[in-house]
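The following paragraphs go through one part of a structure, residue by residue. Please keep the sequence and the model side by side while reading.

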Amino acid sequence: MAGHSKWANIKHRKARQDKAKGKMWSKCSRAIMAAVRQGGPDPSANLTLRYAIDEARYANMPKDTINRAIEKASGAAEGNAYEEITYEGYGPGGVAFVVDSLTDNKTRTVGDVRTAFNKGGGSMGQSGSVSYMFKSRGQILIDASKTTEDQLMEIAIDAGAEDVELPEGEGDGFTVFTEPTEFITVKDAIEKAGIEIAQAELTKIPDTNVEVRGDDARKVLNLVDVLEDNEDVQKVYTNADIPDEELAALQG
């Protein structure tokens with residue numbers, strides 16, 4: 001979720017995910033197992049698996065649980081065949097939504113996603129209706145207390161980062177952006193320098209944002225919550241720009 005402060009929106013999302021940790025870990029396990037079945041159990045040779053493992057780590061998923069998911073997928077001669085499908089649409093206030101799913105039942109998932117949009121004050125669109133507004137990027141978040149601007153700039157840019165955004169306010173941190181192809185290289189360089197990463201993921205960044213306030217902001221967050229509650233949905237992206245004070249009021 002984009003906003004005046006990426007960190008404020010990310011903290012909101014992570015706080016909600018922490019309350020539903022079991023469901024979050026289930027999504028991570030599904031992504032890991034699907035990656036193993038598609039490309040094998042070795043993350044050094046299967047980049048999709050490495051992404052899935054890293055995201056599980058940042059979700060505080062125990063190493064033993066990650067390993068069990070890999071072993072289960074490696075040893076299963078048969079299992080659910082998951083398919084990656086992206087859905088698009090508009091939410092309240094004209095906010096664009098992109099919904100990434102990993103499903104073994106397309107009919108079920110598309111029905112659930114369409115219902116969520118309809119009940120949430122939005123409408124599901126055709127493929128390509130809003131995805132052109134987003135660009136795939138690597139995004140690495142680092143707490144401001146873990147490094148300095150000069151140190152991070154030198155390491156990240158030298159490793160191939162596209163941009164480093166500085167903290168915007170109290171409680172914010174650094175945000176490093178990369179091209180998808182440079183994501184692992186930059187992340188590894190930061191970690192090798194001993195800098196702790198708060199979160200790192202391949203994400204979709206909107207070209208422009210739509211500011212929403214009041215009831216529209218509440219409805220947008222509710223729609224995000226309903227979509228993320230669906231076990232088939234892996235990630236939800238929007239171009240909603242919710243001002244910090246609005247987000248704080250909604251959280252309160």
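Thr 238 is buried, at a relative accessible area of 2% (buried means under 20% relative accessible area, exposed over 50%, partly exposed in between, with a 1.4 Å probe and protein chains only). Thr 238 lies in strand E9; helices (H or I, at least four residues) and strands (E, at least two) are DSSP runs, numbered from the N terminus. The side chain of Thr 238 makes a polar contact with the backbone nitrogen of Ala 240 at 3.0 Å (a pair of N or O atoms within 3.5 Å; within protein, one must be able to donate a hydrogen and the other to accept it, and residues adjacent in sequence count only if both atoms are side-chain atoms).

The model is predicted, and local features need pLDDT of at least 70, side-chain atom pairs pLDDT 80 or more, while totals for chains, interfaces and linings use all residues. Residues are numbered from 1 along each chain as its sequence is written, and side-chain values use heavy atoms, without hydrogens and water.

Strand E9 (233-238) is one of the elements against which the buried residues of helix H5 pack, with contact meaning heavy atoms within 4.5 Å. The others are strands E1 (83-90), E2 (96-103) and E3 (123-125) and helix H8 (214-229). The buried residues of H5 are Thr 109, Val 113, Ala 116 and Phe 117. Seen down the helix axis, they fall within an arc of 95°, so they line one face of H5; the arc is taken from the directions from the helix axis to the C-beta atoms. Exposed residues Thr 107 and Lys 119 sit on the face turned away from the buried side.

At the start of H5, a side-chain oxygen of Asn 105 comes within 3.2 Å of the backbone nitrogen of Thr 107. Just after H5, Gly 121 has a positive phi of about 85°.
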